[in-house]
Amino acid sequence: MDQQLIVRTTGLTYHYSRGVQTLHNIDLRVERGSIYGFLGPNGSGKTTTLSLLLGLLGNQKGDIEIFGQHLHANREAILGRIGSLIESPSLYGHLTARENLEVYRSTYGVPASRVEEVLETVGLADTGKKVAKKFSLGMKQRLSIALALLPNPELLILDEPSNGLDPAGIIELRALVKKLNKEHGMTILISSHLLGEIEKMVSHVGIIYNGRMLFQGPLGDLHRFQKRGSRLFIRTSDNEAAYQLLHEHEPEMTPAGMSVAYNDDTQVAAINRRLTDSQLDVYLLHPKETDLEQLFIDLTSARS
Amino acid sequence: MKLLTALRAELLKTKRTSSLYFTLATAALVPAIFLLNVLTNGGDVAAIGKDPLNTIFKLGAERTGLVFFPLFVILVCTLLAQIEYRNNTWKQVLAAPQKKRNIFLAKFLNINLLILLFLAANLLLTALVAVVTHFMNPSLHVLQHSFNWTRLFTRTANTYVTMLALCTFQFWLALRFRSFIVPTGVGFALWFTGMMMSFEFQSSLVDYFPYSFQAFPFIPDFQSKMTQINLTSLGYATVFLLLGFLDFRKRRLTS
């Protein structure tokens, strides 16, 4: 296994009921030290994939390697190095924040001082004897993150951690994720159904839809992919002539003129120069970038 | 060692729950009724007659063992499993680095600790009834009679062992179903069936029906079968625990 990869799945396939395939050949690649944003609309298979990574579901087909070891052969050793938050907060409502962490402390073999450390990290050190069921949803989510941080994990798996958080909470979470990655070197696999919510913190992105991976790679690659999807809208004094002139750009006719794909502003200028040099009057030259959000919608809706 | 760690976690989870109070309250029910009867000179005073000290413990064990103890076991098995379901914590428990076997056994041990606490509390409170009876009815000289410790120990051990088959089956059901109603309802219905088979129908099948076993320590005609029933109960308990664990291990517990 590539030493840089902390998670690698090969041909991961899963179905809950016969005939309804939930995951199709998922080849997840999470690099050590990265913040991997696992994106997809609700019901696309994110939680199923993450549940498989944590051994909560038995894999039916395919292979999972974490830290270079096969998950099912080394389940406990691997889980001891992972912190996780799957979907909604998993907390004992009748216990305090400290007691919730204490339930798992011995299992992870961490000292009592670690409980205070993680409570400080998530800002819940002053909750005293207040029991978890009386916490706000944001506090519950933060306590769940504290639980995930308890073993000081090498890999942190967060499934939709911003669910129920207000905008300030989401900003705090983003800062916390970046800090854990930068200062503690944690690799973080974070899922979300909103690209805008995580694009500011991730270094890598995987997009899943209907159980299939549509895209996977560094955020920069997604931006390049996005650029390829950007179109330049053009209207000239003779659209037919302009169409012929720009045929190598594979133009598409539109009701108002035409559009061509473009990569950057230099290309826009070059196209403009070419049109004017051919004695065509340019009435409209409108570069329209596809933002990542639109790209995400396009990627996921094109397959539906 | 890891099993002890898992058991410690289970004990922590029951902190601030009603399980401890529920155990003590249920264990106190029969002694409390008994005590009221003694204080109001009810029928029990006459019934304890010649051998009052041993009779108080015998009556207390009978009344507890036939009704309240099995119902307590059915409820406590369900309630402890509900801690995970109600709080949506199964996935966190199973994503922790511990063997599923230890999780399963720790939960079962936790239930058994409460069952043993129930039996101990029940005996202590019955002893209190004996003391009160002694002072309320000095003519009975309750505390001056010899006490048969062997009989008490044997009866209590039989009560516990015959309950293990029911306990393991209820434990399996409680882990199997998210609902509180299903394992409790099934348990109550089977207990009622078991009682009917033992007392109303006097069925020969009671030797094989786990929900009838709790009657054996208290029915004189069944005393000769006590060893056989204890072994049957242990056999059922082993099978139910094993099946329960296999079921628990293969199930998708994602929520």
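Arg63(B) sits over the face of Phe34(B), 5.1 Å from the ring centre. In chain A, Arg81(A) lies over the face of Phe67(A), at 3.9 Å from the ring centre. A charge counts as over a ring if NZ of Lys or CZ of Arg is within 6 Å of the ring centre and within 35 degrees of the ring normal. The model is predicted: local features need pLDDT of at least 70, side-chain atom pairs count only at pLDDT 80 or more, and totals for chains, interfaces and linings use all residues. Residues are numbered from 1 along each chain as its sequence is written, chains are lettered from A and ligands numbered from 1 in the order in which they are written, and side-chain values use heavy atoms, with hydrogens and water left out.

Aromatic pairs were counted next. Rings of Phe, Tyr and Trp (its six-membered ring) pair if their centres lie within 6.5 Å; planes under 30 degrees apart count as stacked, over 60 as edge-to-face and the rest as tilted. The count over all chains is 21 aromatic pairs. One of them joins Phe104(B) and Phe248(B): the ring centres are 5.7 Å apart and the planes stand at 40°, so the pair is tilted. This pair links distant parts of the chain, 144 residues apart. Phe104(B) belongs to helix H6 (residues 100–136) of chain B, and Phe248(B) to helix H9 (residues 226–250) of chain B. Helices here are DSSP runs (H or I, at least four residues), as are strands (E, at least two), numbered from the N terminus. Phe104(B) is buried at 3% relative accessibility. Phe248(B) is also buried, at 2%. Buried means under 20% relative accessible area, exposed over 50%, and partly exposed in between (1.4 Å probe, protein chains only).

A second pair has another geometry. The ring centres of Phe213(B) and Phe216(B) are 6.2 Å apart and their planes at 85°, so the pair is edge-to-face. Phe213(B) is buried, with a relative accessible area of 0%. Phe216(B) is buried, also with 0%. Both residues belong to one aromatic cluster, whose members include Phe169(B), Trp172(B), Tyr211(B) and Tyr236(B).

Chain B contains nine helices and zero strands. Along the sequence, the pattern reads α-α-α-α-α-α-α-α-α. Buried residues account for 54% of the 255 residues in chain B. The C-alpha trace spans about 65 × 40 × 35 Å along its principal axes. A compact globule of 255 residues would have a radius of gyration near 18 Å; chain B has 20 Å, which agrees. That radius is taken over C-alpha atoms, and the globule rule is 2.2 Å times the number of residues to the power 0.38.

Helix H4 (residues 52–87) of chain B has 36 residues, and its end C-alpha atoms are 48 Å apart, in agreement with the 52 Å it should span at 1.5 Å a residue. The expected span is 1.5 Å times one less than the number of residues. H4(B) carries a kink of about 50°, centred on Gly65(B). The bend at a residue is the angle between axes fitted to the seven residues ending there and the seven starting there. Of the 36 residues of H4(B), 28 are buried, so the helix is largely enclosed by the rest of the structure.

Chain A is assigned domain 1 (5–224) and domain 2 (231–288). Such bounds come from an automatic or database domain assignment. The two domain centres, taken over C-alpha atoms, are separated by 46 Å. Helix H5 (residues 137–149) of chain A has 13 residues and reaches 18 Å, close to the 18 Å expected. H5(A) is mostly covered, with 10 of its 13 residues buried. Among them are Gly138(A), Met139(A) and Leu149(A).

Loops of chain A hold two residues with positive phi. Asn210(A) has a phi of about 50° although it is not a glycine. Asn210(A) lies in the loop between strand S10 (204–209) and S11 of chain A, and is partly exposed at 44%. Gln279(A) has a phi near 65°. Gln279(A) is found between helix H10 (265–277) and strand S15 (282–288) of chain A, and is exposed at 67% relative accessibility.
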